[in-house]
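Me: I've got a structure open and I'd like to learn how to read its features one at a time. Can you walk me through it?

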Amino acid sequence: MATETITYDYNYETSSDEEPHASPCNLSNVNYLGAQLSILYYFMFVLSVCGNGLVLVIIHRFEKLTTVTNILLLNLVVSSLIFMSSLPFWGVYLQLSYWSFGEAMCRIVGTVYYLGFYSSVLFLTLLTFDRHLAVVYSLTASQVRGRSYAVISCVVVWLVSGLACIRPMIIHTTFKFLNTTYCQDYPALNLTSIDVGLLRKSGFYIQLILFLIFPLAVIIYCYVRIAITVMTSKIVTKFKTVRLIFVIVLMFFTCWTPYNIALMMQDKASECEQKKKWAYALEVTRVMAYTYFCISPIFYTFVGKKFQNYFRQLLVNRFPQLKKHVSVSQQSRTNMSTKSTRNEL
């Protein structure tokens with residue numbers, strides 16, 4: 001899933017001492033579209049810093065890291081910020097059509113990109129699973145859902161994400177082709193102790209299975225169980241909750257499924273026109289996928305009345321003149337920590 005500038009369709013049948021040769025399939029028009037769309041990366045970065053920063057401020061001011069949801073949410077926000085921190089570099093790369101930050105930064109930015117993406121998806125899945133436990137098994141889950149459970153879960157997510165980053169750390173580097181410096185998976189890389197071809201192919205299936213199919217399966221299962229539980233209970237706001245569940249799942253599908261389909265189809269395309277077609281689709285769907293990282297933590301946070309009250313209180317504290325126009329519940333003024341997640345949906 002690396003962001004890359006592709007000028008030609010490379011012929012990978014080269015030795016490690018040779019530059020990859022270009023085939024007649026010129027994708028420079030796709031590069032131009034990618035360069036234009038990459039301007040959005042800067043706005044996404046600013047929006048992500050502001051939105052996720054606001055979430056961090058609210059957690060710091062009004063919440064304590066004593067609940068599972070707060071710990072998971074904090075890690076989700078951090079992972080999203082890690083991912084989005086790479087976008088300005090990719091934006092410059094796409095607009096200049098060459099990498100200007102050096103080999104070390106190429107590896108660092110590539111690793112940060114993958115680490116942020118992998119951990120964000122897993123934390124989103126973990127947060128969904130935790131809400132499933134809180135709603136479906138509300139009576140018994142409290143014995144399991146302690147701070148130790150949250151910390152261990154976060155450590156496992158960061159460990160799995162870090163291990164998944166080993167592949168891009170090995171083959172993601174700079175190389176020159178037609179006097180232009182690129183930063184991406186080096187097509188002619190040859191390591192005697194590692195099967196680079198197998199390593200390159202495994203990256204696609206790791207992302208597809210571990211970071212798309214598995215999360216989607218878990219999210220769908222959890223929210224189906226949540227929906228059934230809510231619909232069969234006597235919760236007054238059950239219809240709003242079911243609608244919210246549908247929107248969350250739909251947002252995940254809408255943002256990420258088109259990108260992965262385009263990525264898979266471009267990888268399998270053999271003819272030049274097919275490659276161009278899916279390359280165009282990949283540039284557009286990539287922006288959709290990145291947008292998800294801008295809005296998902298904010299969306300998860302502000303759907304709850306508690307965080308809405310905290311946000312309004314921040315506004316009133318910062319701008320007292322808004323007190324007449326912004327209502328803040330007394331509970332949010334007096335209760336600065338949450339002991340359960342029953343009202344978070």
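Me: Let's start with helix packing. What is the handedness of the crossing of helix 3 and helix 5?

Reply: This is a predicted model, so keep that in mind throughout. The general idea first: two packed helices are described by the angle between their axes and the distance between the axes. Here, helix 3 and helix 5 cross in a left-handed way. The packing angle of helix 3 and helix 5 is about 155°, and their axes are 8 Å apart. That angle makes helix 3 roughly antiparallel to helix 5, because angles over 145 degrees count that way.

Me: And at what angle do helix 2 and helix 3 pack?

Reply: Helix 2 (residues 39-62) packs on helix 3 at about 160°, with the axes 10 Å apart. Helix 2 and helix 3 are therefore roughly antiparallel to each other. The crossing of helix 2 with helix 3 is left-handed.

Me: Now the strands. In which sense do strand 3 and strand 4 pair?

Reply: Strand 3 and strand 4 (residues 180-185) pair in the antiparallel sense, over six bridges. Strand 3 itself (residues 172-177) is mostly covered, with five of its six residues buried.

Me: What about the turn of that hairpin? Which residue there takes a positive phi near 55°?

Reply: The general idea is about backbone torsions: most residues other than glycine have a negative phi. In this hairpin, two residues sit between the strands, and L178 takes a positive phi near 55°. N179 has a positive phi too, about 65°, although it is not a glycine. You'll find N179 in the loop between strand 3 and strand 4, and N179 is exposed, with a relative accessible area of 77%.

Me: Where does S97, which also has a positive phi, lie?

Reply: S97 lies in the loop between helix 4 (87-96) and helix 5. S97 has a phi of about 65° and is not a glycine. At 30% relative accessibility, S97 counts as partly exposed.

Me: Last one, cysteines. How many disulfides does the structure hold?

Reply: To spot one, check for two cysteine sulfur atoms within 2.5 Å. The structure holds one disulfide. That disulfide joins C106 to C183, with an S to S distance of 2.0 Å. C106 lies in helix 5 (residues 102-136) and C183 in strand 4, so the pair ties together parts that are 77 residues apart in sequence.

Me: What is the handedness of the disulfide, and are its cysteines buried or exposed?

Reply: The torsion about the S-S bond of C106 and C183 is about 95°, so the disulfide is right-handed. C106 is buried at a relative accessible area of 0%, and C183 is buried at 0% as well. Two other cysteines are worth a click: C165 is buried at 1%, and C255 is buried at 10%.

Note on methods. Residues are numbered from 1 along each chain as its sequence is written. This is a predicted model: local features need pLDDT of at least 70, side-chain atom pairs count only at pLDDT 80 or more; totals for chains, interfaces and linings use all residues. Side-chain values use heavy atoms; hydrogens and water are left out. Buried means under 20% relative accessible area, exposed over 50%, partly exposed in between (1.4 Å probe, protein chains only). Helices (H or I, at least four residues) and strands (E, at least two) are DSSP runs, numbered from the N terminus. Two strands pair if DSSP finds at least two bridges between them. Axes are lines fitted to C-alpha atoms, for helices over the stretch in contact, and angles run from 0 to 180 degrees between N-to-C directions. Angles under 35 degrees count as roughly parallel, over 145 as roughly antiparallel, 65 to 115 as roughly perpendicular and the rest as oblique. A crossing is left-handed if the near helix is turned anticlockwise from the far one by less than a right angle, and right-handed if clockwise.
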